[in-house]
Amino acid sequence: MILIPAIDMKGGKVVRLFQGDFGKQTDYGNSPLIAAEQWYGMGAQWIHLVDLDGAKDGIMGNKDDIVLITKKLINKVSIEVGGGIRDKKKVEDLINAGVKRVILGTKAIEDRKFLKELLDSYGEKICVSLDCTNGFVAQRGWVSTTTIKATDLALELEAMGLQWMVYTDIARDGTLAGPNFEQLQTMLNTVKKTNIIASGGIATLQDVRILASMKGVAAAITGKAIYEGKLDFKEAVKILNA
């Protein structure tokens with residue numbers, strides 16, 4: 001398992017939300033590029049960029065920062081990007097800029113034909129984010145919850161050829177309360193071929209150790225814990241490498 005630092009961007013700033021609530025935002029000061037260089041310097045193999053403006057409104061507001069980070073670090077670290085990516089042109093632009101994995105959310109839920117076309121064209125470069133609450137899928141920047149069971153959707157996407165999935169428990173995201181290991185295990189028991197990236201609530205080195213011990217977890221995303229010094233990213237990477 002690898003540990004992936006998250007850089008959530010809103011208005012060109014690095015921020016974090018509490019449980020996906022846009023009204024509960026913490027600003028972390030550094031520019032997205034400085035943050036990316038910091039995590040790379042601490043051993044990050046991948047960096048997870050999220051355009052929160054795009055996630056909420058469907059219009060990417062931080063694309064320039066995303067492209068800048070990708071081009072500056074293209075030979076050093078792999079970049080994955082999510083948030084407001086709802087048309088093929090955006091996907092093409094990001095991949096052409098050097099992004100290694102494009103993460104789809106709302107659009108993948110609403111338009112399976114769109115997703116299938118991208119999977120056929122780009123394969124493992126396409127990832128779907130299943131952002132869930134109580135086992136049901138949320139969308140549009142987490143501001144609305146669907147009646148779609150996460151496990152049902154995961155099986156459908158796997159049958160379409162999806163190779164990568166980010167699984168986030170919204171109730172844990174930004175809380176430092178620890179991951180929802182039970183729900184994550186349910187998802188791991190459901191899919192057989194899809195690589196799972198765990199997200200939401202990671203707060204301690206012990207959380208990292210437990211996730212690494214769960215068969216099927218290919219990676220885990222951490223955000224608030226590393227920005228607030230609760231989790232030593234460099235030490236976590238060292239533990240995983242060992």
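1. Once neighbours within four places in sequence are set aside, threonine 151 is in contact with Thr186, Met187 and Thr190 (contact means heavy atoms within 4.5 Å). Threonine 151 has its place in helix α7, residues 150-159 (helices, H or I, of at least four residues, and strands, E, of at least two, are DSSP runs numbered from the N terminus). With a relative accessible area of 16%, threonine 151 is buried (buried is under 20% relative accessible area, exposed over 50%, and partly exposed in between, using a 1.4 Å probe and protein chains only).

2. A word on the model before going on. This is a predicted model, in which local features need pLDDT of at least 70 and side-chain atom pairs count only at pLDDT 80 or more, while totals for chains, interfaces and linings use all residues. Residues are numbered from 1 along each chain as its sequence is written, and side-chain values use heavy atoms, with hydrogens and water left out.

3. Which residues of α3 (residues 63-72) are buried? They are Ile66, Ile69 and Thr70. Looking down the axis of α3, these buried residues fall within an arc of 100°, so they line one face of the helix (the arc is that of the directions from the helix axis to the C-beta atoms). Asp64 and Lys71, on the other side of α3, are exposed.

4. What do the buried residues of α3 pack against? Their partners are the strands β1 (2-10), β4 (46-51) and β5 (78-82), together with the helices α1 (32-41) and α4 (88-97).

5. Take α1 to begin with. Pro32, Leu33, Ala35, Ala36 and Trp39 are the buried residues of α1. Seen down the axis of α1, they fall within an arc of 160°, so these residues also line one face of their helix. Just after α1, glycine 43 takes a positive phi of about 110°.

6. Now the pairing of α1 with α3. Two packed helices are described by the angle between their axes and the distance between the axes. For α1 and α3, the axes come within 9 Å and cross at roughly 35° (axes are lines fitted to C-alpha atoms, for helices over the stretch in contact, with angles from 0 to 180 degrees between N-to-C directions). This crossing of α1 and α3 is right-handed, the near helix being turned clockwise from the far one by less than a right angle. Pro32, Leu33 and Ala36 from α1 meet Asp65, Leu68, Ile69 and Lys72 from α3. By class, the residues of this contact of α1 with α3 are 5 nonpolar, no polar and 2 charged (Ala, Val, Leu, Ile, Met, Phe, Trp, Tyr, Cys and Pro count as nonpolar, Asp, Glu, Lys and Arg as charged, and the others, Gly among them, as polar).

7. Next comes α4. The axes of α3 and α4 come within 9 Å and cross at roughly 30°. That makes α3 roughly parallel to α4 (angles under 35 degrees count as roughly parallel, over 145 as roughly antiparallel, 65 to 115 as roughly perpendicular and the rest as oblique). Here Lys63, Ile66, Val67, Thr70 and Lys71 of α3 meet Asp93, Leu94 and Ala97 of α4. The contact of α3 with α4 has 4 nonpolar, 1 polar and 3 charged residues.

8. α4 also has a partner in helix α6 (residues 112-122): the axes of α4 and α6 come within 11 Å and cross at roughly 25°. That makes α4 roughly parallel to α6, and their crossing is right-handed. On the α4 side, Lys88, Val91, Glu92 and Ile95 meet Phe114, Leu118, Ser121 and Tyr122 of α6. These residues of the contact of α4 with α6 divide into 5 nonpolar, 1 polar and 2 charged.

9. One loop deserves a look. Most residues other than glycine have a negative phi, and most peptide bonds are trans. Asparagine 134 is not a glycine, yet has a positive phi of about 55°. Asparagine 134 lies in the loop between β7 (126-133) and β8 (136-139), and is exposed, with a relative accessible area of 68%.

10. Glutamine 183, in helix α8 (residues 181-190), counts as partly exposed at 26% relative accessibility. Not counting residues up to four places away in sequence, glutamine 183 touches Gly135, Tyr167 and Asp169. Arginine 209 lies in helix α9 (residues 205-213) and is partly exposed, at 41% relative accessible area. Arginine 209 and alanine 236 are 27 residues apart in sequence and 8.6 Å apart in space, C-alpha to C-alpha.
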